[in-house]
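Please look over the sequence and the structure shown here before reading the notes on how the chains are arranged.

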2 protein chains.
Amino acid sequence: MRSAAPNTVPTFQPLYRQIKDLLVRSLDGGAWKPGQAIPSELELAGRFGVSQGTVRKAVDELAAENMLVRRQGKGTFVATHGEPRQNFRFLRLMPNQGEPAQYESRASECRRARAGVDVARFLDLKPGDGVIFIRRVLFFGGEPTVVEEITLPALPFKGLTAAKLAAHRGSIYHLYETEFGTQMIRADEKLRAVAADAATAGALGLAKGTPLLSVERVAYTYGDRPVEYRYGLCRTDTHFYRNELG
Amino acid sequence: MRSAAPNTVPTFQPLYRQIKDLLVRSLDGGAWKPGQAIPSELELAGRFGVSQGTVRKAVDELAAENMLVRRQGKGTFVATHGEPRQNFRFLRLMPNQGEPAQYESRASECRRARAGVDVARFLDLKPGDGVIFIRRVLFFGGEPTVVEEITLPALPFKGLTAAKLAAHRGSIYHLYETEFGTQMIRADEKLRAVAADAATAGALGLAKGTPLLSVERVAYTYGDRPVEYRYGLCRTDTHFYRNELG
DNA sequence: TAGTGGTCTAGACCACATA
DNA sequence: ATGTGGTCTAGACCACTAG
């Protein structure tokens, strides 16, 4: 009932946190797929030999971290990027007026490459390791609004092609989830204001030197393993980046 | 034990949420001051005539929303902006390298004014209502890095002067808390990239037209009442705006 | 040693969805 | 009617802090 605390400070690990770790391991291992229901609390309690309340507390934390979604009367489900509701967790760009417009993406590049020093550090790879490099433009209401470069480790994403990108409908995280079994859980971002270079300005139909919002993102899957590095440049005259500080 | 559901949809309000509302009302009314301990769970349970578990769930939610801070063995405390640890909830600007530097603020302006249409809408006032207008520069490591305009409703902040701003050490939210009894709980922000105008460029020691991060913020106190409107321009060559998407 | 929050249990009952 | 999550209770015991 107690964690052994190997050689570090005598940290106490409550039971429900051990249960939580087991659940994350199952999620990571693909025991239950995104959108599917996990076993009921009573079922899990029996399986783990603990009370329902202990399972409940573990599930509560996972729901708070957006890995699970509870639905009263129906069950507890693995979170999925397939539902549009979940999309706005990672899509913060909103139009100045009106409802969050639909967007399309058009990839101009999707090729294998080798990780540079920086990307290797972000993705926890070695420099020279294989990666997949994507360049794309996001169109909001038909207008080119964001230019993005996405770098993924080659291994888990083997087989990602421009054709697959073009064929997919919905967010790219949904594609990661359905085609490559990789769930994005959280991300860290660094935001800056920068001047548009000639190429980016051209792609967005703006003058060279126009201020753009630079968004640098590292996204993580289960176990805080980094699996996507992204660099985006957004025009912010028609849109803004919304943020909530709690 | 049940909320009556007056004339709207028959929404169910659990007991612990009613307790939570009572606690928020007490906090809002200043029953316990920031940094002070609130009564123990057992004490509150007796006072409200519910079990400790029900109080616990209410307090759990308030702790998750950063209104209370639990400390095992010591008690539950009203959150305060006085502790440097809490500061980074609302201060997202980090230096490109090194530890989060200390900053100083210098107010160049602090005067009474009348709310314009936009500010009135943000602060839930009527156009023409009295406000306090502050303009200041934030210095990180001695370098001017942010130019900010802050607008506050005149009523709760009567008596805020440039002298008080200059005398205060620590974050301005700590000043709001100690001098005016107003706790900032959460905030909404809109981020954009804009070009520096001549005045701002001069204040920051940059060339006119330099891209700056524009941060528009509305901050709220208990009960989601807006009490601060802020417009900031940050240089992001030496710093960046960090964000965590969960 | 006493007081606080934190964990865990067992059980009763409620709200919600579905068949 | 059944099964799911959601609420509430009462009590035992643990972990942490402080006098």
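Predicted model: local features only at pLDDT ≥ 70, side-chain atom pairs only at ≥ 80, totals over all residues.

## Chain symmetry

Chain A is superposed on chain B by a rotation of 180° with 0.0 Å of shift along the axis, at an RMSD of 0.0 Å, and this is the relation of a two-fold axis. Because 100% of the interface residues of chain A are also interface residues in chain B, the copies meet through the same surface.

Eight strands form an open sheet with antiparallel pairing, in the order β4(A)-β5(A)-β6(A)-β9(A)-β8(A)-β7(A)-β10(B)-β3(B). Its edge strands, each of which pairs on one side only, are β4 (103-114) of chain A and β3 (93-95) of chain B. On average, and with direction ignored, neighbouring strands of this sheet are turned by 25° against each other.

Within the sheet, β6 (residues 143-153) of chain A pairs with β9 (residues 225-234) of chain A in the antiparallel sense over six bridges, and I150(A) stands opposite R230(A) in β9(A). Helix α7 (residues 172-180) of chain A lies across β5 (130-140), β6, β8 (211-221) and β9 of chain A, and runs at about 155° to β9(A).

## Helix packing in chain B

In chain B, the axes of helix α2 (residues 41-48) and helix α3 (residues 52-64) come within 8 Å and cross at roughly 110°, which means that α2(B) is roughly perpendicular to α3(B). The crossing in which α2(B) passes α3(B) is right-handed.

E41(B), L42(B), L44(B) and A45(B) of α2(B) make the contact with Q52(B), V55(B) and R56(B) of α3(B). By class, this contact of α2(B) with α3(B) has four nonpolar, one polar and two charged residues.

Technical notes: Residues numbered from 1 in each chain as written. Chains lettered and ligands numbered in written order. Heavy atoms only, no water. Least-squares fit on C-alpha atoms with pLDDT ≥ 70 in both. Contact = heavy atoms within 4.5 Å. Pairing = 2+ DSSP bridges. Helix = DSSP H or I, 4+ residues; strand = E, 2+ residues; numbered from the N terminus. Axes fitted to C-alpha atoms, helices over the stretch in contact; angles between N-to-C directions. Parallel < 35°, antiparallel > 145°, perpendicular 65-115°, else oblique. Left-handed = near helix turned anticlockwise from the far one by under 90°. Nonpolar A, V, L, I, M, F, W, Y, C, P; charged D, E, K, R; others polar.
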